[in-house]
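Dear colleague,

Please find below the structure that I am handing over to you.

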Amino acid sequence: MLDNDDFIAWSNENIVAVVGHNGAVGGKEDHKPVTEKDPKTKEEREVCPVYPGLTCKEHQDLRAAFSNPPDGWGKIGQSDGVPNHWMVGPDGACDKVENKDAALPKSLIEVLTTFQKRYEGKPVPLKKWEGYNKLFTDGGKAVEDGKWKVALAAYGKVDADAKKLSKGLVDKLAAKAAELNEKVAAKFTELKDGSDDDAAKLKAIKALRGEVGQKLSTGFLPVVADLDAWIKEAAAKPATEPAAAK
Ligand SMILES: [Zn+2]
């Protein structure tokens with residue numbers, strides 16, 4: 001399974017695949033690490049001849065950890081026979097995969113997909129996940145730079161997939177939007193309480209309002225209502241003054 005192209009392509013997007021193997025069967029060592037030259041650094045390194053990309057120590061340590069899981073890990077059950085396969089959920093739940101299902105990419109993918117449906121929210125494939133995280137990073141950087149429009153546009157791109165997001169991403173998006181709202185509100189306070197004359201303040205606050213005009217699926221940022229109310233009042237001032245004077 002680990003060298004099946006269909007399964008590799010699917011698993012890279014949808015699961016974390018882990019292999020544990022103590023390197024011995026029935027007390028008899030079945031393979032040993034081999035030494036090779038790193039093609040880039042030319043340094044010698046020990047690698048596993050059975051599982052490309054791993055060292056034997058890694059798959060041996062993992063095998064030991066399955067029997068004696070550290071805090072927070074799922075407890076994988078005992079099963080006769082090699083290989084045996086387990087699905088571990090984010091809450092540590094462990095279910096055995098029957099060997100008949102584990103032997104065929106199609107059925108293994110089906111079993112794993114069904115298992116994932118047990119969890120709240122929707123699984124987010126890795127490429128999407130990486131894309132969202134980049135948008136969060138870009139948005140956060142824009143917030144730091146005071147580029148509200150750029151930040152809101154970045155979060156808006158995550159929000160465009162609102163219905164497909166996992167709960168963790170929904171929460172993260174809400175936190176990011178709240179942080180942006182707070183920063184814009186602070187800027188608004190700075191401008192309206194500043195020493196500029198009324199006309200300059202109105203201009204600056206209208207510009208700020210223009211930066212945060214993008215609506216998310218949850219609506220406008222809360223600060224937009226405050227900005228609109230202030231602008232309405234400020235814009236009405238010259239008209240009300242003569243009325244007040246009579
Ligand atoms: Zn090995």
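Which residues are buried in H7? They are Leu169, Leu173, Lys176, Ala177, Leu180 and Val184, where buried describes a residue with 20 or more other C-beta atoms within 10 Å of its own, the C-beta atoms being placed from the backbone.

Please note that this is a predicted model, in which local features need pLDDT of at least 70 and side-chain atom pairs count only at pLDDT 80 or more, while totals for chains, interfaces and linings use all residues. Residues are numbered from 1 along each chain as its sequence is written.

Helix H7 covers residues 167–192; helices here are DSSP runs of H or I with at least four residues, strands are runs of E with at least two, and both are numbered from the N terminus. From first to last C-alpha, H7 spans 37 Å, close to the expected 38 Å, which is 1.5 Å times one less than its number of residues.

Helix H8 (residues 198–211) packs against H7 at about 170 degrees, with the axes 9 Å apart. Axes are lines fitted to C-alpha atoms over the stretch in contact, and angles between N-to-C directions run from 0 to 180 degrees. The two helices are therefore roughly antiparallel, a term for angles over 145 degrees.

Lysine 42 lies in the loop between strand E3 (34–37) and strand E4 (44–47). Although not a glycine, Lysine 42 has a positive phi of about 65 degrees. Lysine 42 is exposed, with 7 other C-beta atoms within 10 Å; exposed requires 12 or fewer.

Yours sincerely

Conventions
Parallel < 35°, antiparallel > 145°, perpendicular 65-115°, else oblique.
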